[in-house]
Amino acid sequence: LKAKEGDMEEFSFPYPPYAIQLDLMRALDKCLEEKRTGIFESPTGTGKSLSVLCATLSWMEKQNQKEEERMKEIMEEKEEGEEEKDWMVAYKKKREKDILKEEARNEMEKRDKVKERIRKAEERREEKKERGGREKKKETEEDDDDCLVEEEMEVDQEKREEEQLTCKKIFYASRTHSQLDQILQELGKTRFRPRVVSLASRSILCVNEEVVALKNNSLVNERCMELRKKTTTKKRNQEGQPPKKAARISACSCEYYKADAIEALTNEILSCRLTTASEVVKEGKDSLACPYFASRRSIPLAELVLLPYQVLLHEKTRASWGIDIKDNVVIIDEAHNVIQTIGALYTSELSLPTLTAALSLLRQYCDQFRLRLSARNLANIRLLITFVAALEAFLRNVKSASTLKIEEIILKCNLVEISLFAISDYMEKVDLCRKTHGFHLRALRGGVRDQKENSSGLASLLAKKKKEEAPPPPSPSVAPPQRMGSPLFAIKSFLDSLLNPCEDGRVLVEPDPNKKSLKFILLNPGARLQSLVSLTHSSLLVGGTMEPAGVLVAALTHKSPSTSISRFSCSHVVPNENVLAMVIGSGSDGQRLELKMENRGNVQVLTSLCSSLLSLTRLSPSGTVIFFPSYSFLSTFLLHCENTNQMKAFETAKSLFTEKQGAQDASKLLVEYSRAARSPKGALLFAVMGGRLSEGINFNDDLGRSVIVVGLPYANRGSVELQERMKYLEGQRSGRGNELYESLCWHAVNQAVGRALRHRNDWASILLVDHRFASAREGKLSSWLAPRVTRPSSWNEITRSLISFYQSKM
């Protein structure tokens, strides 16, 4: 039902809101007012994103008005006429008022400076527009003033003050950049025009073709660092010869890394002219400005910051990007898997080749510069060499798999007397990973030379002899080795992992000679989430399917059981008559369908499943999507269909498409399936729960008139990583380990089911094929779906219901 049209004004909603949209916005507003953490479930198709934007932006607008009125009242407050008899009390009251006035004055001045900065940004943008744009500058050795090197460049006091300017903001995080672009599209429907910046990694925002061509994120980051370093050259005299005292001239190797160009692009963003990442990239190419650094420079003065999960949820990444969440609002969209995402972000792995390469690099570096390094630097680098050598020796000699606590790996590697905190602190303070980066690249190119001081006659003779005895170079037909990222970044990541409290993590030791590795896993990612939300004014965890939410609630309240979490769940805007949801516990031949792991290879079960799915496919119009619990079971099913000649029957019924594991182009598959689904014949898509097509993909209208979920996608209990996580949670409270196991399964089911029914007039059948669905609905299926699910008593009843449903909608 729609709410009254007058309710549009309450949150400036662009359309007359539905009652559930109004309820959601009011729940969000209340959560913000009370400075609480909230979990909000609103099915896709209910206008969730638009509701969240209108609620939060209208709250921020009202909050800013209240703050300005409060400060104005404080500044204009006059002294009371009545005198206080006790001079100490009078002095205390006066002092408190003076402090309040000073704070109000400082805040007002800060806000005025922000407004002035934005005004200047708009003026400079207009000036640039009138000039017809910036002319491209040629790169010369004398371009030193235009080269930004943030990590090394000294900034003046005026710049420092400008960087301190900030404002109240909303951080909106989601999984993919396409989802962030959708948020911007929804924002365009509203009257709100906040200063917005959409953040992304270098691989998305970089416009330097040489860097982007590397594809790999770590290589892109390292190449960017390399190009931003100032290349130093000797200034030659008129005869072309270098002078005795070399006059060194510095220049940046990246033509897009220019101070004036980046500042101009930042002004474009702050002036609300550029909002999406693609718009910033296009402007960056045209104006020879780096979109990545312009976006980062826009953060302090932006009011709405759109960013991917990995930037918000990882503490050190937040710090490096300048993301200050303190007393600001954080929105985490698609938050059903936030715990798993944090666990993945804090996982680090070291392979034996990486350790060997890092050890070689550090030893070469130490040998090359030992006469130029201070005693303290040399001692710290040797400590790091000892650390890496100990890990490398341990892993090289490993014979069997094991799971070690942090203190156990330290004992086994004999690192008790080495301060890992001191090594990590040293690497950060001197920025060792970056400073050895250039040396690493030279080493890869064979450019590392011995020190001149060591080039004695004997050393030269030995070097010459060694060169003569060296094997011949490989033939030109042999491909050169691929460029690899510096191993020290992986070393630093693993080192930081070992600094976690001992009970918080485990190190998995993989002994396979082909993939020997040490893998750190974080057992309590919920603690990281809890520390994040504790800093914010309010944190809103939003999703289309948040159930089961027990693991998430437990993570947020573990160390603070008294913490009150706001919960809100709304129904779907799709009316009941547009949904036919059924549990199918037996096949068309009466065979009980309980697709546990031990039954998935049973020929009788596979035969019944095959004939049942074929019957359901023939009944459904347009597009049908069938989700399987794993790629392995999908392969088993397809092989059985081939062996029994049933595959041809599927292909005759509809055009057949199959999601494949690995580097498949999902977008191309989706385009082809969509075209076929809209044809008279229709289409059938075999996909996998938890795969690329089960989350974030819309199978609306004819693309998904029937969604069939086959089996329950329980994770492999034999996984060492899962076992350790469950054991850790069981230690906190009995039953929590199994709660995690169940939630992983049901989140995947709910995500797959949510692919259909994307708007109010959409309709589809949702068929849950497994006997176990009948006894596990409440509290596990999404709250909007569970009450609508029925359990027919026979196959005839199933077919009659489907035929009647489809006929009523066609």
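**Ground rules**

I number residues from 1 along each chain as its sequence is written, and my side-chain values use heavy atoms, with hydrogens and water left out. Since the model is predicted, local features need pLDDT of at least 70 and side-chain atom pairs count only at pLDDT 80 or more, while totals for chains, interfaces and linings use all residues.

**Entry: a charged patch**

I looked for surface charge first. Glu 69, Glu 73, Glu 76 and Glu 77 gather in a patch of negative charge. A patch is made of residues with over 30% relative accessible area and no salt bridge; like charges are joined within 9 Å, and nonpolar side chains (Val, Leu, Ile, Met, Phe, Trp, Tyr) within 5 Å. Asp and Glu count as negative, Lys and Arg as positive; His and the chain ends are not counted. I take the place of a charge as NZ of Lys, CZ of Arg, CG of Asp or CD of Glu. Areas come from the Shrake-Rupley method with a 1.4 Å probe; for residues, only the protein chains shown count as cover.

I then picked out Glu 73. Glu 73 sits in helix H3, residues 48-76. (Helices are DSSP runs of H or I, at least four residues, numbered from the N terminus.) Is Glu 73 buried or exposed? Glu 73 is exposed, because its relative accessibility is 57%. (Buried means under 20% relative accessible area, exposed over 50%, partly exposed in between.)

**Entry: salt bridges**

Side chains of opposite charge can pair when their charged atoms come close. I count a salt bridge when a side-chain nitrogen of Lys or Arg is within 4 Å of a carboxyl oxygen of Asp or Glu. How many salt bridges does the structure hold? It holds 38.

- Glu 34 pairs with Arg 36, with the closest N and O atoms 2.9 Å apart. Glu 34 is partly exposed at 37%, and Arg 36 is partly exposed at 23%.
- Arg 592 pairs with Glu 594 at 3.0 Å. Arg 592 is partly exposed at 43%, whereas Glu 594 is buried at 18%.
- Arg 705 pairs with Asp 702 at 3.2 Å. Arg 705 is buried at 8%, but Asp 702 is partly exposed at 29%.

I also found a network: shared partners join Glu 68, Glu 107, Arg 111 and Lys 115.

**Entry: cysteines**

A disulfide is a covalent bond between the sulfur atoms of two cysteines. My cut-off is a pair of cysteine sulfur atoms within 2.5 Å. I searched the whole structure and found zero disulfides. Cys 272 is partly exposed at 33%. Cys 433 is buried at 8%.

How values were computed:
Helix = DSSP H or I, 4+ residues; strand = E, 2+ residues; numbered from the N terminus. Buried < 20%, exposed > 50% of the residue type's maximum accessible area, 1.4 Å probe, protein only.
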